[in-house]
Amino acid sequence: MALASLTGLSFSYPDGGLALDDVTLEVEPGEVLLLLGPSGSGKSTVLRALAGLVPWFHGGRFVGRVEVAGRDTRRTRPAELAGTVATVFQDPEDQVVLGRVEAEVAFGLENVGTPPREIASRVADALEAVGASHLAGRRVTELSGGELQRVCLASALALAPQLLLLDEPTSQLDPEGAEAFFAHALDAGVAVVLSEQHPALALPHADRVAFLERGRVLLDAPREEALAWLEEHRPAWACEPRTGPFHGRRGTGEVVCRVDRATYAYGDGPPALDGVSIELRRGEIVALTGPNGSGKSTLAKLAAGLLEAQGGSATREGRATFLLQDPGRYLVRERVDEEVELGSDSARARRALADVGLAGYEGRHPRDLSSGERERLALATVLVTEPDLLVLDEPTRGIDPERRAQLAELLREQAHARATLVVTHDPSFARLVADREVSLAPEREPVHA
């Protein structure tokens, strides 16, 4: 008997189009079901339906049936599924409740009535499972995006749920952390439904694969059969793109940004950066890489002028723009076109939206877009200002493989106009887009070209 099932499910968000169209899927106990498909194809909505958030939280038009552990989600509130179902959302920043890591991981256990004597050991085990034991005493506000994602994963695993729902769970994890997470979370005997835009990481752990497009299921098959279908019909999802070395072209234009032996620490915490230097020239794209917590976002903010170096210096020429890891936090208008027009006029806004693949979305509300579509909208809001320095922090988060290749092509086409710094955990994207690499990995020199 299936642990969870969607039967003939069609769903529309309020004031939105059809998100799911007659979707039928089943999840067996202990099975790993991998959801693939373009941004906006309905993957996140499937997860929300299994969590009971559709329709209880989002509203909208719901037709069909969803059952989890024998309970109809139309009659069972999400709170009643807590402990049976655990979810990690695309945006970990919106999931954190408490101020310290240990308290955050313990929060769910306390809410489902776990005996107090068990909580400490389960918190420790969950943090260890995601490689985050060293974060136990930290404040969540001091964590990088990837570190925060590990904490949310630990919070879900600590509950030992029957069904684990993961929406882009490795989008901010470094490659080593992503591999470690999959080894623990997906091979632990728990039923998992996983949406992932880096399929090469997740495919080896999947039992079944479902491919969604425009709200419909085009494929639902065991892994080997699914791989053959993907290779024939959707090759971008079958494996990571083949990439060679970095482009190797050093910028020949003027220096737009120079960071010289910069140091920075948050509050009384350890140094996030200690004597790091980088030079960015017009006409080049630089990939900034390194493990979670190595200081990539801090260095990016120093380069863009959002932070001031506490030691050393950071200087720049012209206009700098910075795209955060979580762009949804600064989308403020009611329409997509109005959001982009904040930085320019309507004609340039339309061109910027077309450049990022959002032509025709002008009248949509930004909050009705998928996570990947919001990422592209946010990119349009910074590109339209025509900056001299463009800093992108994890720009491929939530973006499907085809869109990643298109984003790399767009940035390459426009590289001559500016200096570009791309913070990324995605090695294939780094090699698609960048001329050289700056690594903050501890075992490497600070700058590697």
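**Sheet and helix**

I began with strand E4 (residues 61-68), which pairs with E5 in the antiparallel sense over two bridges; strands pair if DSSP finds at least two bridges between them, and helices (H or I, at least four residues) and strands (E, at least two) are DSSP runs numbered from the N terminus. In this pairing I found valine 68 opposite arginine 71 in E5.

The model is a predicted one, in which local features need pLDDT of at least 70 and side-chain atom pairs count only at pLDDT 80 or more, while totals for chains, interfaces and linings use all residues. Residues are numbered from 1 along each chain as its sequence is written, and side-chain values use heavy atoms, with hydrogens and water left out.

I then followed the open sheet, whose four strands come in the order E2-E1-E4-E5 with antiparallel pairing. Strand E2 (18-27) and strand E5 (71-72) each have a single partner strand and stand at the edges, so one side of each is left without a neighbour in the sheet.

Across strand E1 (4-12), E2 and E4 I found helix H1 (residues 43-51), which runs at about 120 degrees to E1; axes are lines fitted to C-alpha atoms, for helices over the stretch in contact, with angles from 0 to 180 degrees between N-to-C directions, and contact means heavy atoms within 4.5 Å.

**Cavity and pocket**

I next looked up the cavities (on a 1 Å grid over the protein atoms alone, sets of points where a 1.4 Å probe fits but cannot get out; lining residues have an atom within 4 Å of a point), and the structure holds two of 30 Å³ or more. The second largest cavity has about 30 Å³ of space, and its lining consists of Leu47, Arg48, Ala51, Thr87, Phe89 and Asp167. H1 gives the largest share of that lining, three residues.

Helix H6 (145-158), strand E12 (271-281) and helix H10 (296-304) each supply at least two lining residues.

**Whole chain**

Terms used: 1 Å grid on protein atoms, 1.4 Å probe; cavity = no way out; pocket = protein on both sides within 12 Å on 5 of 7 lines; lining within 4 Å. Points joined across faces, edges and corners; volume = space filled by probe spheres on them.
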